[in-house]
Amino acid sequence: MQYTPLPLLKLLLLLIDVLTFWIRTIIKRFRYSRERILLNQINNSTSWSEFSHSAFQLDNVLHYDVWKDNLVSGKYDYRLIQERLHDLQNSRTDNNLPKLLSLLRAGMLRNFGGISNKRLYNRTYIGTKRLIEQYNKEISNCLEWIDNNDEINNQIKLDFYHDAKTTLGSTAICLHGGSLFGLCHIGVIKALINEDLLPNVIVGSGVGSAIGALICCLSKTQVFEILNDVNQAMQDEGFTLNNKNQKSNNGDETEIYLQWIDNIKRGLTIELKLFIKFILSKIGKITFKEAYRTSGKSFNILVYPNSNKIPTLLNFLSTPYITIESAIYCSLGNGILDDLENEPIGDSYNNIYQLMIKYNDEITEFSTVECTFKPPYQVGGDSVELKNSPYDRITELFNVNHFIVSISRPYLAPFLNGDWRITYKKNTLLKKLSHLINIEFKHRIRMMSRVGILSSLMKWLLVDEKSMLLDTNYIPIIPVGNSWFIWDIFNLFMQNHSVMDYWIKCGERSVWGIHSLLETRVRTEKLLEEYYEKYRKIN
């Protein structure tokens, strides 16, 4: 028999011991590291306070606060911002009103000095350069100082706030289509309301039109009560899954599966259909003009008729007497909601919706021309062509120069969030390769859509009434779930209230991730609107 020499055996055991030590250390590092624990807390946050607390801690652990404190960056003009900050501070402390007003008017730009550059908000989990935050804070202090200064005439204040508000422009939030993931829009709206960042111009199409109606047609108290617990609000009104997900009278389960397949084809889940019907029951026959008087928000609904005699943009300025209920039906498309009224599945697609006008409590059809309305994802196809973009019209009517677009399509996140979402690594070769693939993909989709060779399936998945695959300066909000995307797709059809809560929370979390960027672009606008309304009422 041969025996292993004792020194060699000891060396072998030593190597095994060292190897196992490092394996345990690496596993522990990845599983129980401070960074991973905080990242999990961020991903599972249930409120903005929890999210922000964990994000600040993670930035400190990863030493991202060093980057925040360093004002130097090639992504914005830090010299201009620093100089303007000092000028504003000196003018305010010296009570030099003419100079202060001139500085504020001249710098009332959303991207003044490049402070809104998206790449300034992808290096940390929360916040950006301290200099930018100090500048934004000083703008708020100056606006407040003008408001509190009794030596300034109210008319001067009103004129200044009006001019500054006009110069800065307005923001519109677009609730983009919706389809299967439309519940995410509820979470987006809820988060913006809680953080006082919801714009006064709201644009909705498809499912987004129904969710926008909830915000614009009800009082603030009603909206808060519903958004606080959507499931409970629906149950209180008798809209529960148990009432709609029962077997047929003859006990045949085949009809249930046919209904389930029909829902997929139409792009709406049972929960989403019930929520839309719940909204329609709450708003009643209210018109766009009545909704504006109730909420003070400019609500716009996009519809896509096959007749040029029917307007594509509906709001309180262009179509004040059209009922919002009829506009929602038309924006969703013909036949989408017919089965909610217990109509036959097969024949429901043949029913035609029409816009209705209410005047002196009498409701009539808007036009004698009978036309069909298509859902948003069919825009640009053979049946619907938009010669004039309704978004250009919104810009003209409401002085909108900035869009926040809520896109309830999680599978587009890698292509739309890549420019500014949080990145966990530096500029590696893999990251650069991914960026090149992203650019090439978006270019090919644009070209195929332009020449009309994009398949109907790809058009349904990727193209909407305002394709956000284009390179724009808009802020896209794309909710992403915490689990694997395939599992999220499966959960959509589980038909229980927990699924609705899950996607609403995903919508909220998607806003928390870009909170700092929204603060920079929207906060000053909200302050100007608040002060302007205050002095408009006084005068």
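This is a predicted model: local features need pLDDT of at least 70, side-chain atom pairs count only at pLDDT 80 or more; totals for chains, interfaces and linings use all residues.
Residues are numbered from 1 along each chain as its sequence is written. Local features need pLDDT of at least 70, side-chain atom pairs count only at pLDDT 80 or more, totals for chains, interfaces and linings use all residues, and side-chain values use heavy atoms, leaving out hydrogens and water.

**Exercise 1.** Find where S45 lies and decide whether S45 is buried or exposed.

*Solution.* 
- Step 1: Start with the location: S45 sits in the loop between α2 (34–43) and α3 (48–61). Helices here are DSSP runs of H or I, at least four residues, numbered from the N terminus.
- Step 2: Next, check the accessibility. S45 has 1% relative accessibility, so S45 is buried (under 20% relative accessible area; exposed is over 50%, partly exposed in between, with a 1.4 Å probe and protein chains only).
- Step 3: Now look at the neighbours. Leaving out residues up to four places away in sequence, S45 touches E50, F51, K505, R509 and W512, where contact means heavy atoms within 4.5 Å.

**Exercise 2.** Classify the ring pair W48 and F51.

*Solution.* 
- Step 1: The whole structure holds 16 aromatic pairs (Phe, Tyr and Trp rings, the six-membered one for Trp, with centres within 6.5 Å; planes under 30 degrees apart are stacked, over 60 edge-to-face, the rest tilted).
- Step 2: For W48 and F51, the ring centres are 5.8 Å apart and the planes are at 25 degrees, so this pair is stacked.
- Step 3: Finish with accessibility: W48 is buried at 17%, and F51 is buried at 5%.

Key: Helices (H or I, at least four residues) and strands (E, at least two) are DSSP runs, numbered from the N terminus.
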